[in-house]
Every structure is written in structure tokens, then in C-alpha cells.
Amino acid sequence: MDGPERTPDGHHVLINGRRWRASDPDLPEDVRERLVGLLMAARRQVGAARRSGDRDAEEDARRRVQCAKEGLGERGTPWWELAPDARRRRWQQALHRLEGDGRPPG
């Protein structure tokens, strides 16, 4: 089996009995890898900020997590409800926000 189990419609993955929205299957592989890397970095930043008690840094890191997950299609308007050009715009905007100027989106 390749990856987690999916619902019959392909919209969700099942992990430990919970249903989570699947990433947009039309993401180019290099884009998906970049967004996942940015997501994991942001999650590490959340943890570091929490350990240090820096609420502003935690808030910024959480915004980065949200942005990466939206770019992946896991949050926001479901990817299956968007036209292909809107889906492409969404991941391009997420990458621009996360990689463009180094500042958290907001």
C-alpha cells in the first residue's frame, strides 16, 4: 500500500481511525515537497516558540503552518471544489508568502 488509506472519493486520508483532508493530488511533486518542508519547519518553530514562551513567535509560526496547509489544499476551500487555475493560484500564493520575503503571512 502506498501512503495512508484514502476514502473512496479520495478527498480524505484515514490515520489512526481519524479522517483528515488529503493534499491536493494535482500538486506538482516538487511543489508538494517544498510545501511539506515549509510546513514541517513551521511546526518546529511552533514548538521552539512554545518552549521559550515567545507568544509572538508562536503566533507567526502558527500562521506559517496555516499557510502551508492551505497551499497543500488541506485547509481552506476544499481542493475538489476549486477550478484547476484557482488550485494552482493557491499553492503559488502560499509558496510566495512562505518563501518570498521570509516574513510570516498575515
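**Close-up 1. Helix H1 from end to end.** H1 has 24 residues, and at 1.5 Å a residue these should span 34 Å; the C-alpha atoms at its ends are 35 Å apart, so the two values agree. The expected span is 1.5 Å times one less than the number of residues in the helix. Helices (H or I, at least four residues) and strands (E, at least two) are DSSP runs, numbered from the N terminus. Please keep in mind that this is a predicted model: local features need pLDDT of at least 70, side-chain atom pairs count only at pLDDT 80 or more, and totals for chains, interfaces and linings use all residues. Residues are numbered from 1 along each chain as its sequence is written, and side-chain values use heavy atoms, with hydrogens and water left out.

**Close-up 2. The buried residues of H1.** Which residues of H1 are buried? They are Val 31, Leu 35, Leu 38, Leu 39, Ala 42, Val 46, Gly 47 and Ala 49. Buried means under 20% relative accessible area, exposed over 50%, and partly exposed in between (1.4 Å probe, protein chains only). The buried residues of H1 pack against H2 and H3. Just after H1 comes Gly 53, with a positive phi of about 75°.

**Close-up 3. H1 beside H2.** The axes of H1 and H2 are 8 Å apart, and the two helices pack at an angle of about 160°. Axes are lines fitted to C-alpha atoms, for helices over the stretch in contact, and angles run from 0 to 180 degrees between N-to-C directions. H1 and H2 are therefore roughly antiparallel to each other. Angles under 35 degrees count as roughly parallel, over 145 as roughly antiparallel, 65 to 115 as roughly perpendicular and the rest as oblique. Look for residues that meet here, including Leu 39, Ala 42 and Val 46 in H1, and Ala 61, Val 65 and Ala 68 in H2. Contact means heavy atoms within 4.5 Å.

**Close-up 4. H1 across H3.** The axes of H1 and H3 cross at roughly 45° and come within 11 Å, and these helices are therefore oblique to each other. From H1, Val 31, Arg 34, Leu 35 and Leu 38 meet Trp 91, Ala 94, Leu 95, Leu 98 and Glu 99 in H3.

**Close-up 5. Helix H3.** H3 covers residues 84-99 and has 16 residues; from first C-alpha to last it reaches 22 Å, close to the 22 Å expected. Its buried residues are Ala 86, Arg 87, Arg 90, Trp 91, Ala 94, Leu 95 and Leu 98, and they pack against H1 and H2. Arg 97 also lies in H3, and this residue counts as partly exposed because its relative accessibility is 39%. Arg 97 and Cys 67 are 30 residues apart in sequence, yet 7.9 Å apart in space, C-alpha to C-alpha.

**Close-up 6. The largest nonpolar core.** A nonpolar core is a set of buried Ala, Val, Leu, Ile, Met, Phe, Trp, Tyr and Cys residues joined through side-chain atoms within 4.5 Å. Of the 16 residues in the largest one, Val 31, Leu 35, Trp 91, Leu 95 and Leu 98 touch the most other members. H1, H2 and H3 each supply at least two residues of this core, and H1 gives the most, with six. Not counting residues up to four places away in sequence, Val 31 touches Trp 91 and Leu 95.

**Close-up 7. Asp 24 in its loop.** Asp 24 sits in the loop between strand E3 (18-21) and H1. Is Asp 24 buried or exposed? Asp 24 counts as buried because its relative accessibility is 7%. Leaving out residues up to four places away in sequence, Asp 24 touches Leu 72, Trp 79 and Arg 87.
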